[in-house]
Every structure is written in C-alpha cells, then in structure tokens.
Amino acid sequence: MPDIQISVIICTHNRDTYLGAAIDSLLGQEFTANFEIVVVDNGSGDLTRKVVEQRSSHPHLKYIFEPTLGLSVARNTGAKIASAEILAYLDDDAVATPQWLQVLYSAYQDNSQLAIAGGKVTLIWPPDIKPRKWLSPGLAANLGAYDLGDNILYIQQPGSTPRGLNYSIRRSFLEEIGGFDPQLGRVGKNLLSNEELQMTEFALQRGWQVAYIPQALVAHNVAPERLKPSWFLNRGWWQGISECYREQLAGQADISQLQLGSEKFVRSVYKLLQHITDPAERFDKLVYVYGQIGYLKAAIHRLLFKEHKK
C-alpha cells in the first residue's frame, strides 16, 4: 500500500481474548490518510494467529511471528516491518478511540522536533468488579492509567513519560538511538520495564521533544488476575530491578547504588509507617518498599558479578 503515513504496531503474547478488540479499534479509525497495522506475534501459543487471520481481508493488516521473547525485541521487529516514518504502538489489551491516529499524526506533522508522543489512558474494569479499597491512584498507574490533565504538555521529567500501551515515536529518532533496548522491557512473565523512561531520557538529551496529548485517548482492559495484592507486589519488585538496570545501562553501576538504594529503602519504610492506618496508602507504600528491596538485590548482584569477573 503506497504512501503509508503512520504504522500502528501491536506486540502481542498470548492475549487472544483481547487482541481482536484492539485490532478492530484500529480498523475503525477516522483517519484521512493511509495507515497500516502490524501485529507482531511474540511467541504466542494461543489463538493469536487465528484472530489476525479472521481479519486478513483488510488491506491495512500485516502479521509477523517473532519467536524471540521480549517486548523490546517485538517492538524493534515491528519497526523493521513497518513502512511509515511515524510508528504508533498500541497494547494488545487496549482499545483506541476513533480519532487516535489522526491526533497523533497531526502532532508530528505540526512539530518536526517531536520524537515521542502518547495520550491519556483510562481503565476498563472487568464486569462486576470494582476498584479495590486498597488500590491508590498511584498504584492504578501500574494498571496503565495515565492522566496528566486535559491540555497538551511537553514532558521535562522522564518519570512522566507516556505509557507504552499508548505510545508513538518518530522512526528517525528510533534509528538514531539504535532501537528499543532488549535489556529493558517485559520478557515472558517477568515485569521488567523502564524502556519508555529510557527513551525519553535519550530524546531530551538529544534536543528532541516528548509530548503528552490527552486527545490521543486509549482505554486499557484491567485483567482480573492483576487485581490481587501479590501482582502489585511483584510489579513493585520488578520496577525496582528495572530502575537499577536502567542506571547500570547508563553507566551508573557502582557502589553509590547501594547507598542510594539503602536511603530509599529507609525512607520508604518510614512512609509506610506514617500511613499505617490508611489501607490504600499503606499498601501503596508497601509496594514501594518491595521495589527498593528489588533495586538493592539487583545492585548487589551486579557488584558481586563484577567482582567475580575480576
């Protein structure tokens, strides 16, 4: 299909339950130019391929099987297959509003310095399930919620970077930095992350811009299995490990990580005790404590590994 203006990439791993709705939300886009949808099947063992084949009559749709597990690997594979300069990533369990592509495309057309853009994310709760009393607004972000208001913002702090489930990037910038780092991002069932945060750091360091565009709205399905305290504790653990790895990849792997991690751990325990009577804030702080333990574990492992290599 000639003159593709924007390529949408869905990286999926064993999510056939949600995948069809994600693809259908893209096939129903109110977009004035040409676009394509690239589904990267990242080693799925379910009915993922069949879900895509049921929609194969649509000329927009491409399917590729990537056997090497890893979200960053799958994202890079999708980028290689895609045709356009603007790459938009939608999670396999998310649903885009009809104007999503048009809003993102227009943002890049209007701003040649824009490297990364993403929009607001709301949550779709499972039927007959309400938000838990122990779920704070901060922890809801771990389910994908992302709301910086109703106005366009240019991100200055990497921690506020757009969510990967509703994400777009300029190909020339992606090629400039060598793609998504396979050492960050989910692999199978582990919850390693921080790849988007790293991308925003790279963009800001190189003089590019990163934008939050609320009108580029996406809704994210909350899987029932994620509404358990154990899932959030595991997510906090991997967040700490991810932060440690990201610092190490940036050349900050030294003894100072132990000092920093220890200080954060002490502060997190203190904050936990401060909110001991509030169920939501208490659990929020407990998850953060878990994260600091994960951070310290990864830092100690790295230092021991370096000593062993010597």
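Ser136 is buried, its relative accessible area being 1%, where the cut-off for burial is under 20%. The structure described here is a predicted model. Ser136 lies in the loop that connects β7 (121-124) with α5 (137-140). When neighbours within four places in sequence are set aside, the contacts of Ser136 are with Ala280, Glu281 and Asp284.

Strand β7 also belongs to an open sheet of three strands, arranged in the order β5-β11-β7 with mixed pairing. Strands β5 (94-96) and β7 form the edges, each pairing on one side only. On average, and with direction ignored, neighbouring strands of this sheet are turned by 25 degrees against each other. Strands β7 and β11 (residues 218-221) run parallel and are joined by four bridges; Leu123 has His220 in β11 as its bridge partner. Helix α1 (residues 16-27) packs on the sheet, where it touches β5 and β11, and the direction of α1 makes about 15 degrees with that of β5.

Within α9, Gln257, Gly261, Ser268 and Leu272 are buried. Viewed down the axis of α9, the buried residues fall within an arc of 40 degrees and therefore line one face of the helix. An α-helix has 3.6 residues a turn, so residues three or four places apart point the same way. Gln259, Val266, Tyr270 and Leu273, on the other side of α9, are exposed.

Methods:
Residues are numbered from 1 along each chain as its sequence is written. This is a predicted model: local features need pLDDT of at least 70, side-chain atom pairs count only at pLDDT 80 or more; totals for chains, interfaces and linings use all residues. Side-chain values use heavy atoms; hydrogens and water are left out. Helices (H or I, at least four residues) and strands (E, at least two) are DSSP runs, numbered from the N terminus. Buried means under 20% relative accessible area, exposed over 50%, partly exposed in between (1.4 Å probe, protein chains only). Contact means heavy atoms within 4.5 Å. Two strands pair if DSSP finds at least two bridges between them. Axes are lines fitted to C-alpha atoms, for helices over the stretch in contact, and angles run from 0 to 180 degrees between N-to-C directions. The arc is that of the directions from the helix axis to the C-beta atoms.
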